[in-house]
Amino acid sequence: MGSLKFPNHFIVDAGDYFGLSGEQDSLKAGFMIEAMDRLGYDVITIGEREFNFGQQFLLDAFKKTKMDVVSANIVYADTKKPFLKPYVIRKAGNARIAFFGLMGSQLKYRTRPADRALEILDPVETAKKLIPELRKKADVVVLLSHLGLTDGQKLTLEAPGIDAMVFGHQVGLSKQVVTTQNVINVRGSDRGQYIPQIHLVVEDGKIASFDGDVVTLDDKIPADEVMGRLVDTFSDELNRRVAEKNATAAGQAADATQASATGDHFLGEKNCRRCHEAEYQMYTTQAHAHAFATLEKNQRDATPECLPCHVVGMNQPGGFVSKPSTPDLVNVQCENCHGMGTKHPEPGAVAGPDVCITCHTHEQDPDFNFDEAVEKIVHWE
């Protein structure tokens, strides 16, 4: 994501908004586009992930918005007509700003049976042909680049005439707005936690000066209350739908879990308690033993992003599937820290910081301190 500020500002982005697959990810993708529109995004391009739910899903989702979606090098294979508009020109005062998008021709994208065949043209050749046209029509040319860092920078050498480039596709974060080959570079992180912005002064049809910075969306930036309510409402409904689906399929899931647990697998705290009653009693008074209740209280007890750190062995042999089908594997139990029960006892079963930080990440728990945390979970004498 990036922001270009004129007397009015433009919010732009360079692709990969959708999740990988499945009903939940498609619902999230639809909500993501609605949220971007509400937040006032102006111009975006797409990446390979926007094809994950089919071309029609993609086109329909953006058709309902006020955003311009541009990509100059994606065409229908049979007619060579553009899949999306190649570019758009917006005005800011007397300045004319051209935005165009490019996607890497080597990127693999998902196709569905109903999709029409597409062709991704060479981005460098496309840029060489298009930029002279844009320079005639606009004072500033901005590329929304879904090429990756190296290919994006290489393109500016081979296709001169770009004033600013917003990078997409695994480019990493740069906490400074810099220029390479006289092109202003805008690079944000992949989860919207850092927002680069540039401020352009356009005089006599060209950029006279610019500055920029990268804004960190931390606790110092107040949350938008309206958007927060929309996110909570969507998340609550998604959680309800998943929980309902899990309850319906509980019997099948339990059978499948049992069938997959023929090798080493998770056993649950009841097995540990047989030999470790004293330790178990101390554990039950601590927060780990009630971790799942936190999700239930916040209506996130069926949300895949939250579950792995509040249950035992999710997506692993004999591990948690859902509360209805695997009720004995809720909460952070013995095996979360000490390993699968069928491997007990084994060397290295004493948990260290490397185990804790799989859940207590800097993002989720920025003040986590292992030595202090251990004092809160003492369950041995």
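Biologist: What covers the buried residues of helix 4?

Modeller: In this predicted model, the cover over the buried residues of helix 4 includes strand 7 (95-103), helix 3, strand 9 (140-146), strand 10 (164-167) and strand 12 (183-186), where contact means heavy atoms within 4.5 Å. Helices (H or I, at least four residues) and strands (E, at least two) are DSSP runs, numbered from the N terminus.

Biologist: And which residues of helix 4 are buried?

Modeller: In helix 4 (residues 149-158) they are G152, L155 and T156, buried being under 20% relative accessible area, exposed over 50% and partly exposed in between, with a 1.4 Å probe and protein chains only. They fall within an arc of 100° seen down the axis, so they line one face of the helix; the arc is that of the directions from the helix axis to the C-beta atoms.

Biologist: What sits on the face turned away from that buried side?

Modeller: That face of helix 4 carries T150 and L157, which are exposed.

Biologist: Switching topic, where is confidence lowest?

Modeller: Confidence, given as pLDDT (the predictor's score for each residue, from 0 to 100), is lowest in helix 6 (residues 250-260), with a mean of 52, and highest in helix 3 (residues 123-137), at 97. The protein chain averages 86, and 92% of the residues score at least 70.

How values were computed. Residues are numbered from 1 along each chain as its sequence is written. This is a predicted model: local features need pLDDT of at least 70, side-chain atom pairs count only at pLDDT 80 or more; totals for chains, interfaces and linings use all residues. Side-chain values use heavy atoms; hydrogens and water are left out.
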